[in-house]
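This report covers a contact between two chains and the packing inside the assembly. The sequence and structure come first.

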Amino acid sequence: MLEKILLLLSLSFSVAEELCKPGAAEGYKVRFSIKTALGDQAYPWSKNEMFLFRAALAFAMRDYTNGEEFGVSDIHPCDETERVSFWFVVTRPNTTDLVDKGTVEMAIKKSRNRINGAFLLTDQTLEFDGIYPTLAAPVSPDTPPWLIVFGVVMGAVSVGIIALLVYPLVQRKLKKNKDADDEDSDEETGVKTAEIGANDGIYNSTFSDDERFTQM
Amino acid sequence: MRLVLPNPGLDLRIPNYEDLEKMEKEDGDRPKWDNKVQYILTCVGFCIGIGNVWRFPYLCQTHGGGAFLIPYIILLVLEGLPLLLLEFGIGQRLRKGSVGVWSAINPYLTGVGIASMLVSLLIGLYYNTLIAWIMWYLFNSFQGPLPWTQCPLNDNRTAFISECQQSSTVDYYFYRVTLNASASIADSGGLQWPIVICLLAAWTVVCICYIRGISTSGKAVYVTALLPYVVLAIFLIRGLTLKGAMNGVKYLFTPDVDELMNPTTWLDAGAQVFYAFSLAWGGLISFSSYNPVHNNCMQDAVILTIITGLTSIYAATVTYTVIGFRATGKYDTCISENIRTLLNGFELPEDSITASNYNAALHHLNSSYPDTVFGLDIKTCDMQKLLSEGVEGTGLAFIVFTEAITKMPGSPAWSVLFFIMLLCLGLSTLFGNIEGVVVPLKDLNLFPKKWPQESLTGITCLVSFIICLLFAQQSGFYWVTLFDNFAGSIPLLTIGLTEMIAVVYIYGIDRFNEDIKFMIGKKPCIFWQISLRFTSPLILLVILVFYLVTQAQQELTYLVWDPDYEEFPTLASVPYPSWINVVIFVLAGIPSLVVPVYALCRLVYVRCKKKMKPEKEKAREIA
């Protein structure tokens, strides 16, 4: 009995080894850049971290396929390097049938944030070769701010122009009213001054002295 | 030297010294400066423009760094200073705008004033378009993150739009989002509405600042002339604390004395001095005509020269701290990218290659596995190349600087400051420009005399805005470059040369000396005599001849933003269409030719009148 189990295990192990190889058709290459992401707080890569990865990926497969009981043993990594990069393939639970690349990709895309979060990494520091991260849409506010600023500037300038044009007219009007008031008050006192007499007279242009300097 | 051309009737056309004293005592209807500070600030603002930020640093760095200051300062003193004294002196003495001054010296010279006006108009048109672009960037700086930090996504949201991906976010924002540049000057496309309303804003601001002539613009210059200095100081402090700033400053000022042997260095220095002082635009003559008669114009010329020289160097330093920061940032990114490629390609642990041992590691890997390294396509990171990239003109302000600002903490604030500074620099130059257009129009009696100053300014701004819509098209950028190259170069040199000859040999240098003696109290010393009579006109003539020769030899090409070009994002060099020659003639030829053509027309008119007069008298006698 024991020999049968041992044979089965070694068979599955060798099968797994054959399933996963660098450049596998249904496999993906993963690359971790822990020191780049975390600097001093970087954790060292170890077998435990690898276990976490397999668990996270199994979770992603379960989540995407809605219940198929993927386990840690269904994720087969190989060709681990010092860089902390390796290939992996995914098999269906309890079999050695490979899950196709497309399904794996969709599963990873769906749970990308969760996988990143488990390792405290980002889309750029935990790379899956061939799976491009969905980029965040650029921030665009509802009302373009430049219109607001433009409106403020144009409003200020228009107010300024109107003020500059209207102010002298208003001043002239006030002055006229003031002069008219002075004249009224003089008339009320009953004294006809020469000034008022001059205003009532006819302006004779022949005797006007427009030029200060006589021409020679 | 008694060489003066005959100029009958000069004394009848100009006010004599007693008239000047009388005008001084009375309060005439001619506008006046509130105080001397306003006048100096207006002139400083007029001379210090956007060119000091984006042209001078580039010239300085390409022509031998610190060594360029030698020809620059020499020509500043030999060429700029005498011309300044000339314009200040003649304006203050004859108390008229540019058309009035030249027609007073000799009615046949009115063409010089008209040419000045035309040149001021053409330059003002494209200059205000630059201001409109600056305003657009300014309005868009009031948001974080800045809009030129992001590329829009393509349809399936996996990558950015290819045009943006291949070039950069700042390039894309300038050429596509702002300008929506077409691929050729002939392909005008439609109007770009954001640019149209920014043009409207620009012309309205100019209108309100100049609405009552110098009584309003004189107040506006307190802000527009002084604020750039404050902002430059802030940027200097910020710039010097940035990483890599000193690389930029060293690059700028490293002297290369061999460049002094190159004649183009001296030519470019001379041209820069001439354009920096805004000579021959007519604005300086107008401004100094509002001065009191006994104002010390010689001192003003010296002050202005010193301020312009120092400001150019100051602005260049600030510009290059930021350029050095950007180049260092890009260099570091380039090295990091290469390290990443090497680590991934050779599956080495992360810390094995750092910036410090990069060169050694690369060399080692290249010698052990040359094929693999070749296959990885490592880019060479060249600091010198990065420092020399696109550091002139609109490329500097809208691409290099905006990119550098996005890397600074608190970038919206820096962006706002930078563009407000450029706006003020541009506006203060435009005030002088508009003065050089509106006052000659008034002197030429093209407007009825009853119309107030406000309507003159308003109409000029409105007509200019409508013509400026040419620059709001999709090909607008290429039109602006065309105007920049042709409207502001040859005509100014011809007018400047004619001005010198007119004052020295037609008005008479002796008379000019006497005028200066009357106004200031002492005759100009031997330096002024020699430079006004010989050295300055000679220098101008040499620059003009060389300019004409180089322009005639050059093939007429221009740079376009073409996403279909093989070497995109480098700008493609494309020949101009043939009808451009007509446009160039209008821009450069007509203002230059107005001077002789007007004189000829007047000659013909006077001769016809003389011929008709004796016939009329004969007819009267018979009657």
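## Interface and packing

Glu347(B) forms a salt bridge with Lys29(A), with 2.5 Å between the closest N and O atoms. The model is a predicted one. By the rule applied, 2 salt bridges cross the interface of chain B and chain A. Between these chains, 8 residue pairs are in polar contact, both residues being at pLDDT 80 or more.

Three helices of chain B, helix 8 (110-139), helix 11 (193-209) and helix 16 (297-346), each supply at least two residues of the side that touches chain A. Of the elements on that side, helix 11 of chain B gives the most, with 7 residues. Sorted by class, the side of chain B that touches chain A holds 18 nonpolar, 7 polar and 9 charged residues.

In terms of contacts, 34 residues of chain B meet 34 residues of chain A. The size of an interface is often given as the accessible area lost when the parts come together. For chain B and chain A, the buried area is about 3,000 Å², and carbon and sulfur atoms give 67% of this.

The table lists the interface totals.

| Item for chain B and chain A | Value |
|---|---|
| Area buried | about 3,000 Å² |
| Salt bridges | 2 salt bridges |
| Polar contacts | 8 residue pairs |

Away from the interface totals, the next topic is packing. Helix 7 (residues 98-105) of chain B is mostly covered, with 7 of its 8 residues buried. Among the buried ones are Val99(B), Trp102(B) and Ile105(B). The cover over the buried residues of helix 7 includes helix 6 (69-94), helix 8, helix 21 (411-443) and helix 24 (490-520) of chain B.

Ile105(B) also belongs to the largest nonpolar core, which has 199 residues; Ile105(B), Leu422(B) and Leu482(B) have the most contacts inside it. Helix 8 of chain B provides the largest share of this core, 20 residues. Leaving aside neighbours within four places in sequence, Ile105(B) is in contact with residues including Leu10(B), Ile90(B), Leu94(B), Val503(B) and Ile506(B). Apart from this core lies another, of 30 residues, which includes Tyr28(A), Tyr43(A), Val90(A) and Leu121(A).

Key:
Residues numbered from 1 in each chain as written. Chains lettered and ligands numbered in written order. Predicted model: local features only at pLDDT ≥ 70, side-chain atom pairs only at ≥ 80, totals over all residues. Heavy atoms only, no water. Contact = heavy atoms within 4.5 Å. Buried area = accessible area lost by both parts, 1.4 Å probe. Salt bridge = Lys/Arg side-chain N within 4 Å of Asp/Glu carboxyl O. Polar contact = N/O pair within 3.5 Å; in protein donor to acceptor, adjacent residues only side chain to side chain. Helix = DSSP H or I, 4+ residues; strand = E, 2+ residues; numbered from the N terminus. Nonpolar A, V, L, I, M, F, W, Y, C, P; charged D, E, K, R; others polar. Buried < 20%, exposed > 50% of the residue type's maximum accessible area, 1.4 Å probe, protein only. Core = buried A, V, L, I, M, F, W, Y, C linked by side-chain atoms within 4.5 Å.
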